[in-house]
Amino acid sequence: MSSSDLPKVVEPTCAVPRLLEGQKALVTGASSGIGRAVAVALGQAGADVVVNWVSGEDAAEEVVHEIGAAGARAYAYRADITSEEDVAAMFAKMLQDFGGIDILVNNAGIQKDAPIHEMTLEQWNKVISVNLTGQFLCAREAIREFRRRGVVTDVSCAAGKIIFMSSVHETIPWAGHVNYAASKGGAMLMMKSIAQEVASQRIRVNGIAPGAIKTPINESAWKTPEALDALLKLIPYKRIGLPEDVARVAAWLASDQADYLTGTTVVVDGGMMLYPGFSEGG
Ligand code: BGC
């Protein structure tokens with residue numbers, strides 16, 4: 001099928017329903033990309049939001065402003081999620097300022113790509129420490145507070161919700177990105193193991209696996225028409241994802257609409273995981 005036979009790309013413009021009224025959320029890595037869109041969507045859904053950032057202070061303040069315009073409270077907080085002290089201080093401040101936490105979106109993530117024979121230990125360690133250890137440190141802190149407080153029925157059916165921002169590469173092997181794929185595969189089993197451990201305390205833990213979403217992390221894959229063309233061969237739905245595609249799912253997954261979901265990954269990828277190479281072969 002040539003691209004002229006395909007229907008026109010239409011991107012959704014749906015509003016986020018106010019499913020999180022009265023809830024308090026923390027989104028890590030919220031100054032850009034998917035994290036930014038998730039923080040804004042949670043605010044639009046009615047939640048107060050802590051906008052965690054590690055670089056990009058002005059951008060984080062813009063996110064705070066956008067959430068304020070949606071009628072929710074927000075503030076930006078600089079913390080390196082790989083630091084145990086930073087994470088503890090970030091949670092302590094949130095509990096003091098917002099009086100609690102209902103939703104953690106473990107979003108912050110990085111890529112440091114290299115062929116395996118050239119990958120440095122530093123590249124390996126950096127990706128594992130942000131994408132895996134950082135997610136552990138934040139999840140642990142949130143769970144301590146969810147367990148201490150328990151369910152508050154006026155707020156939510158659950159004592160707390162955690163969303164791990166994963167990737168289709170928790171499943172799809174990715175040559176040249178071994179550290180990243182290992183971190184996402186690891187985060188997926190961390191998510192499921194934590195979900196199993198805390199389900200009886202009414203804490204829901206899930207993941208979202210985005211495919212190719214138009215953000216700075218993968219700019220080289222969509223910036224030129226040639227790159228975008230090559231990328232679209234991997235996406236049956238034939239459009240690149242937008243951060244808002246993921247953000248709407250996050251707001252829903254954090255809400256009581258999704259109360260019976262725990263330990264699962266919601267894949268948001270335009271069909272990238274459908275083995276598109278087989279649509280005309282095999
Ligand atoms: C990566 C992107 C990539 C996408 C699909 C994401 O997890 O961060 O760089 O485009 O997966 O391969």
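Modeller: With exposure: buried means under 20% relative accessible area, exposed means over 50%, and partly exposed is in between (1.4 Å probe, protein chains only). The model is predicted, so to speak of local features we need pLDDT of at least 70, with 80 or more for side-chain atom pairs, while totals for chains, interfaces and linings use all residues. Residues are numbered from 1 along each chain, and side-chain values use heavy atoms, leaving out hydrogens and water.

Biologist: OK. Is K223 buried or exposed?

Modeller: K223 is exposed, at a relative accessible area of 57%.

Biologist: And which side chain does K223 meet in a salt bridge?

Modeller: That of E219, with 3.2 Å from N to O. A salt bridge here is a side-chain nitrogen of Lys or Arg within 4 Å of a carboxyl oxygen of Asp or Glu. E219 is partly exposed, with a relative accessibility of 31%.

Biologist: How many salt bridges does the count come to?

Modeller: The count is 15. One of them joins E62 and R36, whose closest N and O atoms are 3.6 Å apart.

Biologist: Which parts does that pair tie together?

Modeller: E62 sits in helix 2 (residues 57-69) and R36 in helix 1 (residues 33-44), so the bridge ties together parts that are 26 residues apart in sequence. Helices (H or I, at least four residues) and strands (E, at least two) are DSSP runs, numbered from the N terminus. Both partners are partly exposed: E62 has a relative accessible area of 45%, and R36 has 22%.

Biologist: What about E141 and R144, where do they lie?

Modeller: Both lie in helix 4 (residues 121-149), three residues apart, or about one turn of the helix. E141 is buried, at 17% relative accessible area, whereas R144 is partly exposed, at 46%.

Biologist: Which residues are linked in a network of salt bridges?

Modeller: K24, D48 and R73 are linked that way.

Biologist: New topic. Which residues are around the ligand?

Modeller: Among them are Q111, W174, G211, A212, I217, N218 and M272. S167, H169 and Y180 also belong to that group.

Biologist: What lies 2.7 Å from an oxygen atom of the ligand?

Modeller: A polar side-chain atom of H169. S167 has a polar side-chain atom at 2.6 Å from a ligand oxygen, and Y180 likewise places one 2.6 Å from an oxygen of the ligand.

Biologist: Last one. What is phi of R202 near?

Modeller: Phi of R202 is near 65 degrees, a positive value in a residue other than glycine. R202 lies in the loop between helix 5 (178-198) and strand 6, and R202 is partly exposed at 41% relative accessibility. Y275 also has a positive phi, near 50 degrees, and is not a glycine.

Biologist: And where does Y275 lie?

Modeller: In the segment after strand 7 (265-268). Y275 counts as exposed, at 63% relative accessibility.

How values were computed:
A residue is near a molecule or strand if one of its heavy atoms lies within 4 Å of it. A polar contact is a pair of N or O atoms within 3.5 Å; within protein, one must be able to donate a hydrogen and the other to accept it, and residues adjacent in sequence count only if both atoms are side-chain atoms.
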